[in-house]
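Please read this briefing alongside the sequence and the coordinates. It is arranged by topic.

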Amino acid sequence: MVFIKLEKINKTFFPGSNREHHALRNIDLDIQEGEFITIVGGNGAGKSTLLNAISGNFIIDSGKITINNNNVTLNPEHKRAKYISRVFQNPSQGTAPRMTVAENMALAYRRGQKRTLSSGITKENKEFFKEQLATLGLGLESRLDSEIGLLSGGQRQAISLLMATMKTPDLLLLDEHTSALDPKTQKTIMELTDKLISEKNITALMITHNIQDALKYGNRLIVLNQGEIVRDYNKEEKDKLKLIDIYNILENVNS
Ligand SMILES: Nc1ncnc2c1ncn2[C@@H]1O[C@H](COP(=O)(O)OP(=O)(O)OP(=O)(O)O)[C@@H](O)[C@H]1O
Ligand SMILES: [Mg+2]
């Protein structure tokens, strides 16, 4: 079943000015439920813009976006938030730094629900968050009452991932979410990402400049160039690809 459908999506920044840039060009993309798609492409190819279009960061100039049979094309970002979770490149984006780990998790847990004054954190909530943190295997269950801004980038990304998936989203968007981390932590977070996505069968789009990760993880690979999808490999084709193939493609499309 097609779960997310992008039809002829276009976005031009600064139209009519000398900075005019056609960032997304007639993008057509059908995403099946449970697909984990990795996205590669050079700087400025339009990868983040594509995720921004889906999450409703801006309204597209033309085209149609459907999520689970809901036409969300004209919905503002907050109205799409019930379908979509996102983890960004910068560990400080997406969490409230002066709030504790438990408070941040409570906000994520109540995503899509009406917030009321009485929505304090119950003992049961805390126990649940503790259990969830323990599944990360990083000892973070003892940090429930720490301000999240005091944790390391890797610890924050691990919690961000947990928050993004605690309530299984229809769609998970990852924009270079490991790129600000050291190599060892990158590996930990990437393995955790894969585990969460496959355990919960989450439909996901992951942008990465790490070609090795793009090949190793996920079951479909897309190459973006100048606002267009120039390659789209299914699992079988992707499994046959080698690093050099992707480097060659990226080299050639940019020239
Ligand atoms: N909000 C915006 N306003 C104006 N121009 C934008 C905006 N967002 C993106 N662009 C432009 O659109 C083009 C694509 O940008 P985008 O951020 O999608 O690239 P990217 O593929 O994510 O690159 P990177 O690998 O560097 O993150 C760039 O030329 C960028 O300057
Ligand atoms: Mg980007």
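Predicted model: local features only at pLDDT ≥ 70, side-chain atom pairs only at ≥ 80, totals over all residues.

Residues are numbered from 1 along each chain as its sequence is written, while chains are lettered from A and ligands numbered from 1 in the order in which they are written. Helices (H or I, at least four residues) and strands (E, at least two) are DSSP runs, numbered from the N terminus. Two strands count as paired if DSSP finds at least two bridges between them.

**Four-stranded sheet**

- An open sheet of 4 strands runs in the order S2-S1-S4-S5, with antiparallel pairing.
- Its edges are strand S2 (21-32) and strand S5 (70-71), each of which pairs on one side only.
- Strand S1 (residues 2-13) is joined to S2 by 8 bridges, and the two run antiparallel.
- Opposite threonine 12 stands histidine 22 of S2.
- Helix H1 (residues 47-55) packs on this sheet and touches S1, S2 and strand S4 (62-67); contact requires C-beta atoms, placed from the backbone, within 7 Å.
- The direction of H1 makes about 65° with that of S2, where axes are lines fitted to C-alpha atoms, for helices over the stretch in contact, and angles run from 0 to 180 degrees between N-to-C directions.

**Six-stranded sheet**

- The other open sheet has 6 strands in the order S6-S7-S8-S3-S9-S10, and its pairing is mixed.
- Strand S6 (84-87) and strand S10 (228-234) are the edge strands, each pairing on one side only.
- With direction ignored, neighbouring strands here are turned by 20° against each other on average.
- Between strand S9 (residues 220-225) and S10 there are 6 bridges in the antiparallel sense; arginine 220 has asparagine 234 in S10 as its bridge partner.
- H1 packs on this sheet as well, touching S3, S6, strand S7 (171-175), strand S8 (203-207) and S9, with its direction at about 150° to that of S7.
- Helix H5 (residues 153-166) also packs on the sheet, touching S6 and S7, and its direction makes about 175° with that of S6.

**Ligand 1**

- The residues around ligand 1 are Phe13, His21, Ala23, Gly41, Asn43, Gly44, Ala45, Gly46, Lys47, Ser48 and Thr49; a residue belongs here if its C-beta atom, placed from the backbone, lies within 6 Å of the molecule.
- S2 and H1 each contribute at least two residues to this shell, and H1 gives the largest share, 3 residues.
- By class the shell has 3 nonpolar, 7 polar and 1 charged residues, where Ala, Val, Leu, Ile, Met, Phe, Trp, Tyr, Cys and Pro count as nonpolar, Asp, Glu, Lys and Arg as charged, and the others, Gly among them, as polar.

**Loop residues**

- Exposure is counted from C-beta atoms placed from the backbone: a residue is buried with 20 or more others within 10 Å of its own, exposed with 12 or fewer, and partly exposed in between.
- Glycine 44, in the loop between strand S3 (36-40) and H1, is partly exposed because it has 14 C-beta neighbours inside 10 Å.
- Glycine 44 and asparagine 225 are 181 residues apart in sequence but 8.3 Å apart in space, C-alpha to C-alpha.
- Asparagine 68 lies in the loop between S4 and S5; although not a glycine, asparagine 68 has a positive phi of about 50°.
- Asparagine 68 counts as partly exposed because it has 15 C-beta neighbours inside 10 Å.
- Asparagine 69, in the loop between S4 and S5, has a positive phi of about 70° although it is not a glycine.
- Asparagine 69 is exposed, with 9 other C-beta atoms within 10 Å.

Definitions and conventions:
Contact = placed C-beta atoms within 7 Å.
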